Amino acid sequence: MLSFESDYIQGAHEKILQRLTETNRESLSGYGSDRYCESAKAKIRQACDCEEAEVFFMTGGTQTNEIVIRTMLAPYEGVIAAKTGHVSTHEAGAIEYTGHKVLELPQHNGKLDAEEVREYLETYWADGNHEHMVFPGMVYISHPTEYGTLYSRSELEALSGVCRSYQIPLYLDGARLGYGLMSHETDVTLPIVAECCDVFYIGGTKVGALCGEAVVFTKRNIPKHFMTMVKQSGALLAKGRLLGIQFDTLFTGNLYYEISSHAIEMAEELKKLFREKGFRFYLDSPTNQQFVILENDLMERLQEEVAFSFWEKYDEDHTVVRFATSWSTTKEDIEQLRELLSNM
């Protein structure tokens with residue numbers, strides 16, 4: 001079946017598989033203390049233009065969000081997020097499971113508004129009963145957002161300014177960060193992300209790796225005994241080399257950016273196809289996720305030939321669905337979809 005279901009539906013980029021095979025027989029120390037992890041960390045620090053950055057590798061996005069948020073918050077603190085944020089909607093209550101409330105604010109095409117965050121914090125501190133309330137101890141955003149939209153540099157800087165004025169960290173979920181960085185409509189670079197955010201992660205799982213996310217603490221602010229708490233959560237990978245080798249490969253040359261750029265080019269072709277066929281978009285996404293409004297009857301027929309993701313109901317007769325491109329999407333995939341749509 002032709003699939004645009006997500007950006008992690010296939011294994012890994014061939015260069016990553018090649019390096020894993022080439023290094024398979026090497027005897028290396030565990031838990032991320034091997035030379036490949038150290039090399040990957042150095043390359044990430046250089047790419048971020050942040051030599052003081054502290055980098056830690058984890059295996060998946062939900063695991064990363066849960067551990068970063070839990071270890072950076074005090075027991076009485078919660079995390080501010082957009083109502084549509086990943087930690088609010090698609091992580092099965094993982095944050096709340098740790099005892100930290102997700103404090104939802106309105107979303108604007110998937111994004112938080114800096115002034116609304118400021119107003120929320122001002123209102124909290126002005127409330128005479130705030131000692132009886134959940135303390136807003138962090139701001140969470142994702143870039144790209146759940147709707148494939150992007151923060152501009154000025155929007156990131158505004159959010160960063162609010163967080164710094166209230167002395168709380170800004171955390172950026174970068175599960176699909178590569179696609180944001182390589183979008184044709186962005187003015188945000190990796191060094192800008194590192195400058196604005198107190199912590200963020202560079203997603204590998206959805207950008208060509210078998211698995212893996214690289215957490216970057218940018219202000220010498222890695223939580224005390226972080227590795228111990230990661231292990232306490234059952235998330236410390238003994239064969240840390242598996243993550244280090246993958247990120248070392250992704251950040252050798254421009255592979256991470258090449259993978260991301262390819263997915264963007266394929267998404268632009270996909271967008272062009274849907275426009276030619278007269279389909280409506282739920283919103284204008286400049287990244288690898290495209291949200292299309294389909295008549296329910298057409299959606300059901302198309303699902304027999306093509307895998308894509310349900311997103312939300314649009315009305316009684318229409319549904320918003322997501323088509324995602326990745327490193328593995330080909331022009332032949334787009335042409336096959338064109339032929340299917342032409343025959344429906």
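How are Glu 115 and Arg 118 separated in helix α6? They are three residues apart, which means about one helical turn lies between them. The points below start from the basis of the model and return to that pair.

1. **Basis.** This is a predicted model, in which local features need pLDDT of at least 70, side-chain atom pairs count only at pLDDT 80 or more, and totals for chains, interfaces and linings use all residues. Residues are numbered from 1 along each chain as its sequence is written, and side-chain values use heavy atoms, with hydrogens and water left out.

2. **Helix α7, length.** Helices are DSSP runs of H or I with at least four residues, and strands are runs of E with at least two, numbered from the N terminus. Helix α7 covers residues 153–165, 13 residues in total. The expected span is 1.5 Å times one less than the number of residues. For α7 that gives 18 Å, and its end C-alpha atoms are 18 Å apart, so the two agree. After α7 comes Gln 167, with a positive phi near 55 degrees.

3. **Helix α7, buried face.** Buried means under 20% relative accessible area, exposed means over 50%, and partly exposed lies in between (1.4 Å probe, protein chains only). In α7 the buried residues are Leu 156, Leu 159, Ser 160, Val 162 and Cys 163. Viewed down the helix axis they fall within an arc of 160 degrees, so they line one face. The arc is taken from the directions between the helix axis and the C-beta atoms. These residues pack against α6 (114–126), β5 (135–142), β6 (170–173) and α9 (190–196), where contact means heavy atoms within 4.5 Å.

4. Side chains of opposite charge can pair when their charged atoms come close. A salt bridge here is a side-chain nitrogen of Lys or Arg within 4 Å of a carboxyl oxygen of Asp or Glu. The count is 15 salt bridges. Glu 115 and Arg 118 form one of them, with the closest N and O atoms 3.6 Å apart. Glu 115 is partly exposed at 43% relative accessibility. Arg 118 is partly exposed too, at 27%.

5. Glu 268 and Lys 271 meet in a salt bridge at 3.6 Å, N to O. Both sit in helix α12 (residues 255–276), three residues apart, so about one helical turn separates them. Glu 268 is partly exposed at 25%, whereas Lys 271 is buried at 2%. Lys 271 also bridges to Asp 284, at 3.5 Å. Asp 284 is partly exposed at 46%. Shared partners join Glu 268, Lys 271 and Asp 284 into one network.

6. **Nonpolar cores.** A nonpolar core is a set of buried Ala, Val, Leu, Ile, Met, Phe, Trp, Tyr and Cys residues joined through side-chain atoms within 4.5 Å. The largest has 59 residues, and Ile 44, Phe 200 and Ile 202 have the most contacts inside it. Leaving out residues up to four places away in sequence, Ile 44 touches residues including Val 55, Phe 57 and Ile 202. A separate core of 24 residues includes Met 72 and Tyr 140.

7. **Cysteines.** A disulfide is a pair of cysteine sulfur atoms within 2.5 Å. The count is zero. Cys 163 is in none, and its nearest cysteine sulfur, in Cys 197, is 8.7 Å away. Cys 163 is buried at 1%. The sulfur of Cys 196 is 6.2 Å from that of Cys 197, too far for a bond. Cys 196 is buried at 4%.
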